[in-house]
Amino acid sequence: MSIHPTAIVAEGAVVPASCTVGPYCTIGPNVVLGEDCELASHVVLDGHLTAGARNKFYSFACVGIAPQDLKYKGEPTAVVLGDDNTIREYVTISRGTPGGGGATRVGSGCLIMAYTHIGHDSVIGNGCILANAATLAGHVIVEDYATVGALCPVHQFCRIGRYAYIGGGTTITQDVLPFSLTSAKRETHAYGLNKVGLERRGFDRPRLRAIQHAYRLLLAAKMNTTQAIAKLREEGIATEDVAYLVEFIEQSERGVLK
């Protein structure tokens, strides 16, 4: 096991022999790491933190720390990480609260860039990118393969749909449509389809055309959201992607950015 002599690993922590722990790292007694994790230096892992395999934590990342919630009284809540995540410098990930489900969750294959904050009880899917200084308040959901741009604050209880792309510096106070491009430069509205991102993820032309048609009705036609959804249902929901888009809108509690 490669643990630097200046690192502090509490009794009870589970650190496999394949892991690397760099200088001045601190690992709490309830931390469980998977195989081949790497801690660069000055990393703090605390609380009931469970991390999968091959996660890489860069300097001054703090994961599993107490939530920034005045109602929190030290309850044994958790952070759960999947596999193959990259957590860069000064990232903070707070553990959950009893009132929010008790756990903050991050999927697998995510890139969490420097100074990002993931607030308590948030749920991050697989393959997500959170760019530098993205700031997620508590109870935020970021679904699979979404990208949150640099310096983006996201309000509590917002939901960001799959494959969405949010431009840098955009304040998010409502749900972000799946597959969309959303930016403050466009008055914080969805202004089109994340076509390049979808193509990179292997969406073929028929699949893209079905989503594009749904977006034309939702964003460009002279009808409100209810009318656009009714029109899509009248035509027949063509694909699972469109069905998911309609369901996302209908389930939204904060309203969606159109």
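This is a predicted model: local features need pLDDT of at least 70, side-chain atom pairs count only at pLDDT 80 or more; totals for chains, interfaces and linings use all residues.

Colleague: Which strands stand at the edges of the open sheet?

Modeller: The sheet is open and has 11 strands with mixed pairing, in the order S1-S3-S5-S8-S11-S14-S17-S20-S23-S25-S26. An edge strand has a single partner strand, so one side of it is left without a neighbour in the sheet. The strands at the edges are S1 (2–3) and S26.

Colleague: Which residue in S3 stands opposite Ser2?

Modeller: S1 pairs with strand S3 (residues 20–21) over two bridges, in the parallel sense. Opposite Ser2 in this model stands Thr20.

Colleague: At roughly what angle do the axes of H2 and H3 cross?

Modeller: Helix H2 covers residues 205–220 and helix H3 covers residues 225–235. Their crossing is right-handed. The two axes come within 8 Å, and the crossing angle is roughly 145°.

Colleague: How many residues of the contact of H2 with H3 are nonpolar?

Modeller: From H2, His213, Ala214, Leu217 and Leu218 take part, meeting Thr225, Ala228, Lys231, Leu232 and Glu235 in H3. Two of the contact residues are polar and two are charged, while the nonpolar ones number five.

Colleague: Which residue caps the N-terminal end of H2?

Modeller: The backbone nitrogen of Arg207 lies 3.0 Å from a side-chain oxygen of the capping residue. That residue is Asp204.

Colleague: At about what angle does H2 run to S26?

Modeller: The buried residues of H2, including Leu208 and Ile211, pack against strand S25 (180–183) and strand S26 (189–193), among other elements. H2 lies across both strands, and its angle to S26 is about 150°.

How values were computed: Residues are numbered from 1 along each chain as its sequence is written. Side-chain values use heavy atoms; hydrogens and water are left out. Axes are lines fitted to C-alpha atoms, for helices over the stretch in contact, and angles run from 0 to 180 degrees between N-to-C directions. Helices (H or I, at least four residues) and strands (E, at least two) are DSSP runs, numbered from the N terminus. A crossing is left-handed if the near helix is turned anticlockwise from the far one by less than a right angle, and right-handed if clockwise. Contact means heavy atoms within 4.5 Å. Ala, Val, Leu, Ile, Met, Phe, Trp, Tyr, Cys and Pro count as nonpolar, Asp, Glu, Lys and Arg as charged, and the others, Gly among them, as polar. Buried means under 20% relative accessible area, exposed over 50%, partly exposed in between (1.4 Å probe, protein chains only). A polar contact is a pair of N or O atoms within 3.5 Å; within protein, one must be able to donate a hydrogen and the other to accept it, and residues adjacent in sequence count only if both atoms are side-chain atoms. Two strands pair if DSSP finds at least two bridges between them.
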